[in-house]
Amino acid sequence: MNIGVPREVKSEENRVALTPGGVAAFVAHGHTVRVEKGAGLGSSLPDELYVDAGAEIVGDAAGVWGKSELVLKVKEPMPSEFGYLRRDLALFTYLHLAADEPLTRALVDAGTTALAYETLQLPDGSLPLLAPMSEVAGRLAVQVGAWCLERQNGGRGILLPGAAGVRPGKVVILGAGMAGASACQVAVGIGAEVSILDIDPNRLRYMHDILRGHVTTVMSNRANIEEEVPAADLVISTVLIPGARAPKLLTRSLVETMRPGAAVVDVAIDQGGTAETSRPTTHGDPIYRECDVVHYGVTNMPAIVPHTSTHALTNATLSYALLLADLGIEGALAESEPLRRALNIGEGRIYHAGVAEAWGESMPAVA
Ligand SMILES: NC(=O)c1ccc[n+]([C@@H]2O[C@H](COP(=O)([O-])OP(=O)(O)OC[C@H]3O[C@@H](n4cnc5c(N)ncnc54)[C@H](O)[C@@H]3O)[C@@H](O)[C@H]2O)c1
């Protein structure tokens, strides 16, 4: 099959949909891969690495899209790319169509087969192509939280690991899912004093077991949150209730009880945020002070570490992309239940229930 990897055009996006290692895997399976010139540069992956792996480098986006049967991307197509969509094309990428009517219409009108990373689901309900970005964001949360605590950033001037004879900083993590567990491992690893709270006792038991007691696990309820948060130097929130806005566990009055110069990293900001005092920020201007507490609310945290994020994402997507190429789109959909769940649009109709609920009245839907 002819595979295409265009350069991402969305602003602040430096990831790329395939690593040179991924190219080598497609080539070994007998497929052809065309990569747009410079597509990997933002992730520190120069064209030569792709050539060495067996890819053809193409000078412009039209040359990649036009000759491909399967296009692999990271972010949804931008309006400047809508003209490349066509019926005999399959697209595998993050799409978030329930929030994007113009793109949904463009895909329906073009008849493109659109498979979304974020809806690919395993039988246990997990979302394996979202998990790697939560893992990256969770690990990064400790790094940016430590930066927020530096004096010149408005922080308390706390070094999280402490020093000989000096207490370490206290980190309180809300949520022990993928992002929270990842944050917890880094925070414990650098020697901070860490508490993690969740409503799921199995997640707390898991954290206790893998960190061999080097973390304090606490059941998440109002009383415990009100006890932990005021003592924290850094609060990292990763709470998620699937399909709902993040619960406001950090009320303004609770944030006011935190020490001046403490920090809140609200990873769940992309679901509205867990602190009443949180608002979305950007990598260009990531922090602000409110209630004397430094707040960090970047909605696309993994974008700042594109090399790691690209490898983490493509590790997760590659086996599904190979299945699509090896069996053909129809064959792969017949074979794989997770890929059927990823199918959002095909033959001019909406297949995914959530997308149909959003736009099904104005566009043809199967779901
Ligand atoms: N800002 C970013 O750049 C970025 C990047 C990736 C993910 N995220 C966001 O991070 C959040 C977490 O993602 P995830 O993959 O770790 O989700 P997850 O489902 O793996 O984990 C969420 C956890 O929150 C727990 N939880 C629910 N209600 C709770 C409560 N009241 N108190 C404590 N814990 C509670 C759940 O039991 C679960 O363990 C999501 O909102 C996701 O969108 C943000």
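This is a predicted model: local features need pLDDT of at least 70, side-chain atom pairs count only at pLDDT 80 or more; totals for chains, interfaces and linings use all residues.

Biologist: Okay, what makes alanine 356 buried or exposed?

Modeller: Alanine 356 has 21 other C-beta atoms within 10 Å, and the cut-off for buried is 20 or more, so alanine 356 is buried. You'll find alanine 356 in helix 12, residues 353-359. Alanine 356 and glycine 165 are 191 residues apart in sequence and 60 Å apart in space, C-alpha to C-alpha.

Biologist: And why is alanine 116 called buried or exposed?

Modeller: Alanine 116 counts 24 other C-beta atoms within 10 Å, so alanine 116 is buried. Alanine 116 is part of strand 6. Leaving out residues up to four places away in sequence, alanine 116 touches Tyr94, Leu95, Leu97, Ala342 and Asn344.

Biologist: Which label does serine 44 get, and why?

Modeller: Serine 44 has 11 other C-beta atoms within 10 Å; exposed takes 12 or fewer, therefore serine 44 is exposed. Serine 44 sits in the loop between strand 2 and helix 2, and has a positive phi of about 60° although it is not a glycine.

Biologist: What about glutamate 12, then: why is it called exposed, partly exposed or buried?

Modeller: Glutamate 12 has 15 other C-beta atoms within 10 Å. That falls between the two cut-offs of 12 and 20, so glutamate 12 is partly exposed. Glutamate 12 lies in the loop between strand 1 and helix 1. Its phi is positive too, about 70°, although glutamate 12 is not a glycine.

Biologist: Which residues of helix 1 are buried?

Modeller: In helix 1, residues 20-28, the buried ones are Pro20, Gly22, Val23, Ala25 and Phe26. They pack against strand 1 (2-5), strand 2 (32-36), helix 2 (47-53) and helix 10 (306-335). Just past helix 1, glycine 30 takes a positive phi of about 90°.

Biologist: Zooming out, how do you know that the radius of gyration agrees with a compact globule?

Modeller: For 367 residues a compact globule would have a radius of gyration near 21 Å, and the chain has 22 Å, so the two agree. Along the principal axes, the C-alpha atoms fill a box of roughly 65 × 45 × 35 Å. Buried residues make up 48% of the 367 residues. Of the contacts with a separation of 6 or more, 62% come from residues 24 or more positions apart. The chain has 12 helices and 15 strands.

Biologist: What makes strand 6 and strand 14 a pair?

Modeller: Pairing needs at least two bridges, and strand 6 (residues 113-116) and strand 14 (residues 343-346) have two, in the antiparallel sense. Alanine 114 has isoleucine 345 in strand 14 as its bridge partner.

Biologist: How many bridges join strand 14 to strand 15?

Modeller: Two, and these strands run antiparallel, with strand 15 covering residues 349-350. Here isoleucine 345 has isoleucine 350 as its bridge partner. Strand 14 and strand 15 form a hairpin with two residues between them, and glutamate 347 in the turn has a positive phi of about 50°.

Biologist: Last one: which residues are closest to the ligand?

Modeller: The closest are Ser134, Ala137, Gly177, Ser220 and Met301, out of 31 residues that surround the ligand. By class, this shell has 18 nonpolar, nine polar and four charged residues. Helix 5 (131-148), helix 6 (178-189) and strand 8 (193-198) each supply at least two residues of the shell.

Terms used
Residues are numbered from 1 along each chain as its sequence is written. A residue is near a molecule or strand if its C-beta atom, placed from the backbone, lies within 6 Å of it. Helices (H or I, at least four residues) and strands (E, at least two) are DSSP runs, numbered from the N terminus. Ala, Val, Leu, Ile, Met, Phe, Trp, Tyr, Cys and Pro count as nonpolar, Asp, Glu, Lys and Arg as charged, and the others, Gly among them, as polar. The radius of gyration is taken over C-alpha atoms; the globule rule is 2.2 Å times the number of residues to the power 0.38. Two residues are in contact if their C-beta atoms, placed from the backbone, lie within 7 Å.
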